[in-house]
Amino acid sequence: MSSYENTCPLSQQQLIDEYFMEHRVKVLDLAAFLDRFERSVDKNAEQDFRIVAFRESLRELISAAPGRVERVEMIFSDQSTELLPSLDRKAAYGASIRQQEHN
Amino acid sequence: MQYIDLHAHMVSRTTDDYYAMALSGCKALTEPAFWAGYDRRSADVFADYFDHLTDFEPKRAAQYGIEHYTWLCLNPKEGEDRELTKQVLKIIPEFLDRPNVLGIGEIGLNRVTVNELETFKDHVELALEHNQLIHIHTPHLEDKWKGTKVIVDTLAANGRIDPSRVMIDHAEEHTVEMILANGFWTGLTLYPVTKVAPGRAIDVFERYGTERICVASACDWGASAPLAIPQFGFEMRRRGHSDELINEIVWNNPCRFLGQSPRFKFAPTRETAIAAD
């Protein structure tokens with residue numbers, strides 16, 4: 001039920017002129033975070049489920065296929081519909097530890 | 001610009017926030033019952049909370065010319081406790097006749113457990129029994145897709161739910177389609193970090209149109225922005241959208257959903273929805 005093509009009212013040139021700077025800095029933040037992670041004094045979380053999902057999500061950013069944001073959200077999601085038998089914790093992590101176990 | 005914030009937890013905001021919202025065009029807001037940041041230990045504490053939501057808070061809002069409405073429930077983060085749920089469900093009807101109560105909410109799921117789902121179903125039955133609108137919280141982050149799917153499937157299987165009387169809130173790009181395709185209203189929460197920033201919310205309207213979609217600040221005691229809706233309006237203009245379309249989203253749509261309650265006193269400026277530019 002959604003449309004994709006031609007739904008943004010601004011031209012590509014207008015999008016670049018208006019929004020380039022604020023998105024440029026977000027890319028630099030990502031790059032700096034990855035460098036910081038690599039420079040860490042204690043390399044004890046190379047396979048943490050969050051950084052694994054994070055690296056996988058970055059590959060979607062350079063995908064040529066539309067729908068990048070939905071695919072990134074699904075990478076960070078628990079994609080099962082199985083109910084938990086009881087409450088394990090209140091808060092969310094931002095990525096699914098169960099999803100990594102399934103993979 | 002005048003607007004309605006369909007989701008604002010004002011018990012945890014200051015009067016300065018009311019003042020700023022009033023200055024920026026907020027005419028009304030609705031406050032769903034939510035988690036206090038800790039688990040409450042008895043139904044009596046909920047009774048005090050419901051009294052606050054239906055007495056003190058509307059008076060505080062009125063000082064700034066803002067109409068305050070509310071929704072009542074035991075929220076999903078406490079839904080694991082089935083015994084407490086049963087006690088709270090017994091006292092909610094005592095408050096449903098208060099003049100600012102619009103319905104049951106924000107019910108839903110948190111970690112998507114067996115007990116949370118039973119608590120959700122109990123609240124849905126309470127809403128049906130008392131002919132109340134329903135406002136639904138969907139889980140955070142990695143549990144968003146799963147919880148939304150369980151909620152949508154549960155309501156669809158019920159058979160007695162009119163989806164036009166249900167708002168499934170906190171949608172994101174990967175959940176909005178399943179909500180709208182089943183006839184429900186949905187909401188986009190304009191959070192700075194954990195939900196949908198204004199630019200992404202505008203993307204959703206550009207792709208899905210404006211029908212049955214609202215925006216809200218969902219401001220609470222966490223990192224959130226009580227002026228998120230005027231910020232959204234600013235970003236809409238920056239993106240090249242008209243004031244008419246902004247009004248459709250921040251005024252007409254909440255009026256259409258909330259106006260299904262006879263207690264809601266504001267009306268849309270036009271009868272029928274308009275499409276995105």
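In this predicted model, the second largest pocket is lined by 24 residues, and those lying nearest its centre are B:Lys77, B:His140, B:Lys195, B:Asp220 and B:Trp221. The lining of this pocket comprises 12 nonpolar, 8 polar and 4 charged residues, and the volume of the pocket is about 510 Å³.

In chain A, attention falls on A:Asp78, which is placed in the loop between α3 (68-75) and α4 (97-102). Because its relative accessibility is 2%, A:Asp78 counts as buried. The side chain of A:Asp78 takes part in a polar contact of 3.0 Å with the side chain of A:Ser80, and also in a polar contact of 2.8 Å with the side chain of A:Arg98.

The peptide bond that runs from B:Gly105 to B:Glu106 is cis, its omega being near -10°, and B:Glu106 itself belongs to strand β4, which spans residues 101-108 of chain B.

Positive phi values are found at B:Asn131, where phi is about 55° although the residue is not a glycine, and at B:Arg212, likewise not a glycine, where phi is near 65°. B:Asn131 is situated in the loop between α4 (114-129) and β5 (133-137) of chain B, and with a relative accessible area of 58% B:Asn131 is exposed. B:Arg212, by contrast, is buried, since its relative accessible area is 19% and the limit for buried residues is under 20%; B:Arg212 occupies the loop between α7 (198-208) and β8 (213-216) of chain B.

Key: Residues numbered from 1 in each chain as written. Chains lettered and ligands numbered in written order. Predicted model: local features only at pLDDT ≥ 70, side-chain atom pairs only at ≥ 80, totals over all residues. Heavy atoms only, no water. 1 Å grid on protein atoms, 1.4 Å probe; cavity = no way out; pocket = protein on both sides within 12 Å on 5 of 7 lines; lining within 4 Å. Points joined across faces, edges and corners; volume = space filled by probe spheres on them. Nonpolar A, V, L, I, M, F, W, Y, C, P; charged D, E, K, R; others polar. Helix = DSSP H or I, 4+ residues; strand = E, 2+ residues; numbered from the N terminus. Buried < 20%, exposed > 50% of the residue type's maximum accessible area, 1.4 Å probe, protein only. Polar contact = N/O pair within 3.5 Å; in protein donor to acceptor, adjacent residues only side chain to side chain.
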